[in-house]
Every structure is written in structure tokens, then in C-alpha cells.
Amino acid sequence: MKSSFKVSLFSLALLLLVVTGWSGWTGSAAAAPDSGKTYVIGTDITFAPFEFQDVSGKFVGIDMDLMEAIAKDQNFKYEIKPLGFNAAVQALESNQVDGVIAGMSITDERKQKFDFSESYFESGVVMAISKNNDTIKSYEDLKGKKVAVKTGTEGYSFAESIASKYGFTIVPFDDSSQMYDDVKTGNSVACFDDYPVLAYGVNQNNGLKIVTEKEAGGSYGFAVSKGKNQELMQKFNTGLTNLKASGEYDQILEKYLGENASGPANQSRWGLIQDSLPPLLTGLGKTLLYTIVSLFFAFILGLIFGFMKVSRNKFLRGLATVFVDVFRGIPLIVLAFFIYFGIPQAFGFTMPLFLAAILTLTLNAGAYVTEIIRGGIQSIDRGQMEAARSLGLPYRKAMMKIIIPQAIRVMIPAFINQLVITLKDTSILSAIGLVELTQSGKIIIARTFSSFDIWLVVAIMYLIVITILTKLSGFLEGRLRRG
């Protein structure tokens, strides 16, 4: 997928003869023929009005509408990969995606790693506070206070540049909605964000108000890896020029930022929950799927390394100990970043997100399952093995017929407990863009700004599933004891 577009001389000759049409009344260039390649485009989808998900599950916003219009104008296919801003940038750096469109500011630092399109939006930074706060009116009022910012944004850069001058502390967040919630709850007194994003949020009743004039900001651009996907970059720039010439570009901006832009939906709390249940249930299904698949492979790893840890061979015991120490010692989120971003970048290949998620959960859970199996086997009195051997049973047969059946009774509750832990750990993988239950909640909150309602529903869904698993553990434990 990452190899450059190639055509034979014969194909090139045919392409030169193809009549692609003429749109002379707009002065635009004709669309190039479809190369047949589907470009993978990373984005945030929690950055309204540039990218977010509507009630029907469609990716919408200025960036999404621009991408759709440019692809249509230039006749190419693309697939949106919702990752979150930081994960999208890392995915581009490690060649996991072909391009990124996520309200990404064009900076000299980023130009060293990425190639940017022509600017498609001129931004600016403003400060907002809780709509119930009347004490913060200027930067001078921030002295000794905490200010929320979103990492990787112009707002973060601007806040960082004036923090020492005005004496405030920066509190970074990965999502705009989390940043707004921090201000609304009073943990931070203000936040800095790009003007169109904050203005849209205020229009959607996000609980904030803007109190400063717009500071000069940077330009947003579409990005590809340095020196790569130049054909895609050319198509984006040509398509953008055509949209501006035809007036479609202005129509897209007007749709989200104009006077007639849609306001907050007049929706009851119960109506919001009803509309949110389908995507949340889908996210829950994916959470269970990733949990079950990863635990299946973790159990296989656990069996292998668990028996190695109780082996009489020192080398095998040492190897199993290293496996357990390494994958229990690395935090899950660090392991996820290393597997999904680090390894593909180092070896120059693309790793599917689902594979990275399964590998991360499997290796992490596998280390714990290894210890569960080791502990279960070693919990059985050594005298039973000695008695079996004295009766002439081989070591392997004694393990399978006498030790393992008893050890399983000890291990079952621990296995259920690990299932619960792994299920909850899937939420951490939202940091690399895995759309499971937690990420589904984030996406809905980015559109509705209803943190309390959505997180309450998400918490209840987790609670129901985990309670069922806990009761199942108690039932199985009771049956085994009676047996």
C-alpha cells in the first residue's frame, strides 16, 4: 500500500489518450484518472467543527467535507482512519497512514518531517472560561492559576509562549471535550484553543464563553510524510484550488461557521441516550471481541511459558522469567505505542490497528496468565507429585492426571479476574485510535458536549458486563469447590 504509484509505458500512453473532460467555466484543472489506490487518511474526529461524527455515524466537518469534495474533484478513493490528533501524527510519521487532515497547523518544526499542502484555513487562538465565571477577563487574571490546553494545537503553543509572562500553569489534554470539562468543573480557570473550534463549541452550548480577541494563529494544512505520496499531495492542492474557484470551498465553511450554521440540537437527555446507544453498543461489542481474541492467544502463551516456569530446565525457566518481567514491566500504553508506531517505523511496514491491539493485549495478558498458571501448579502440594512418581507414573503423566486438574480449580477465579482486567484495559488502547466502548463515548461527547450523560452510560455498560463476569467467577468457584 505504501509503494509509490507506478504505471507501465503502455498504460501511460493510454492515459494520455483518455478524455478527462473540461470545466472551463471555473478555470479548474481536469480530474486525473483514478489510480485504483485507496489512500488511508488519519484524522481526529473529536475536533468539531473540522472533524467529528454525526448521529448517523458519518464523519463530517470542514476537513471531512473538504476531503470528500477534493476526492470527488480529483477522482481518487480514500479511507478515513479515526485516531485522535496525536496518534494520527505518529501514524503518519511511522507510515501507518498516507496523509493526515486534522486541523493540523503548519509549523517549521513539522515541516522537517512532513510535507504540507497549501493552507486551507487561517486560524487564530482565543481564551475561554466557564460561562458562570466573571472573575477572569484577561491574561493578567491567570496568575497562579491552571489553564487547560490541547496537545499539538496552536492553543497549546500560544499558552506555552505566554505562561511564564503571566504566571499560569499549563494542564495538557488530548481531547477538546476533556479540556472544556476541566474548565467547567473549575479545575482549570481557562483554556486556549483555535478560534473556530471554541466558537463552534460555544454555539453548541459547551458551557464556555470567549473572553479575548483572536490572536494571530497559524495555517491549517493537509500533511503527508516527507518526500512521500506526492501524487496525493498534488491532487489535494489541485482539488483545493478548484473548490475555491467554484465557490464550493466557501459553501463548506459557511455550513459550519456561517450565520446559518446549525445550533445545538433540541434534544432531551433520554433522547440523547437513545441516539447514543447504537454506537456505544457497537463499541461494547468490539471491546468484548478484542478481549476474547486477545485472551485466547494470551492463554496459549500462558500455557507455554507457565510450564516453562515450572520446568526443571534452567534455561526454559529463565526464558519464561524474562518474558514475564518484560511484559509485566512495560505499561500497557507504552507497549501499544511501541507496537503500533515504533516497530512499523523501524522496519518500514504497515501494521493494521486491530493486529496492534491484539498483540498488545495478548502480550500483556499473557505475562499475567503465565504467573496464574505457575502459581496454580505450585500451589499443589509437592507430596502429590512425589507420591505419583513413587507409584511409577512418568512426570508428564503425573502432571496431566494429578497436578493440572487440581491446579485448574485454583486458577479459574484468577482467569476470570484477568478477563475483567483485560476488558478494562481495552479502553487504554483508544490512545492509538482503537474505536471500542471508551473511544465511542469520546466521539459522541465531541459532538454533543454531554460528558455526564455519556460517561454515565459508558460506566453502566462496563459495570453490567464486569458484574456478570464477577458473578460467573463466583458460580464457577462454588461449583468447583462442591465438586
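Is D175 buried or exposed? I looked that up to get started: D175 counts as buried, because its relative accessibility is 7%.

**Ground rules**

I am working with a predicted model, where local features need pLDDT of at least 70, side-chain atom pairs count only at pLDDT 80 or more, and totals for chains, interfaces and linings use all residues. Residues are numbered from 1 along each chain as its sequence is written, and side-chain values use heavy atoms, with hydrogens and water left out.

**Overview**

I began with the whole protein, which has 17 helices and 13 strands. Helices (H or I, at least four residues) and strands (E, at least two) are DSSP runs, numbered from the N terminus. The C-alpha trace spans about 95 × 70 × 45 Å along its principal axes. I found that 50% of the 483 residues count as buried. The protein exposes about 23,500 Å², and carbon and sulfur atoms supply 59% of that area; accessible areas come from the Shrake-Rupley method with a 1.4 Å probe, and for residues only the protein chains shown count as cover. I also checked contacts, meaning heavy atoms within 4.5 Å. Among contacts between residues at least 6 apart in sequence, 74% join residues at least 24 apart.

**Salt bridges**

Next I looked for charged pairs. Side chains of opposite charge can pair when their charged atoms come close. I counted a salt bridge when a side-chain nitrogen of Lys or Arg is within 4 Å of a carboxyl oxygen of Asp or Glu. The structure holds ten salt bridges.

Back to D175: its side chain meets that of K442 in a salt bridge, at 3.9 Å from N to O. This pair links distant parts of the chain, with D175 in the loop between β9 (169-173) and α6 (176-184) and K442 in helix α16 (residues 437-448), 267 residues apart. K442 is buried too, with a relative accessible area of 17%.

Then I turned to K37 and D98, whose side chains form a salt bridge of 3.8 Å, N to O. K37 lies in the loop between α1 (9-17) and β1 (38-43) and D98 in the loop between α3 (85-93) and β5 (99-100), so this pair ties together parts that are 61 residues apart in sequence. K37 and D98 are both buried.

K113 forms a salt bridge with E93, and here the closest N and O atoms are 2.9 Å apart. K113 lies in the loop between α4 (108-111) and β6 (114-116) and E93 in helix α3, so parts 20 residues apart in sequence are tied together. K113 is partly exposed at 47% relative accessibility, and E93 is partly exposed at 28%.

I also noted a network of salt bridges that links K309, E371 and R374.

**Aromatic rings**

What did my search for aromatic pairs find? It found 23 of them in the whole structure. Rings of Phe, Tyr and Trp (its six-membered ring) pair if their centres lie within 6.5 Å; planes under 30 degrees apart count as stacked, over 60 as edge-to-face and the rest as tilted. F222 and F236 form a stacked pair, 4.5 Å centre to centre with 10 degrees between the planes. F222 is in the loop between β12 (215-220) and β13 (223-225), and F236 is in helix α8 (residues 230-246), 14 residues apart. Both F222 and F236 are buried.

**Two single residues**

I looked up T360 in helix α13 (residues 353-378). T360 is buried, with a relative accessible area of 0%. Leaving aside neighbours within four places in sequence, T360 is in contact with L332, L335, A336, I339 and L429.

K209 is in strand β11 (residues 208-210) and is partly exposed, with a relative accessible area of 25%. The C-alpha atoms of K209 and S130 are separated by 6.2 Å, although the two residues are 79 residues apart along the chain.

Key:
Buried means under 20% relative accessible area, exposed over 50%, partly exposed in between (1.4 Å probe, protein chains only).
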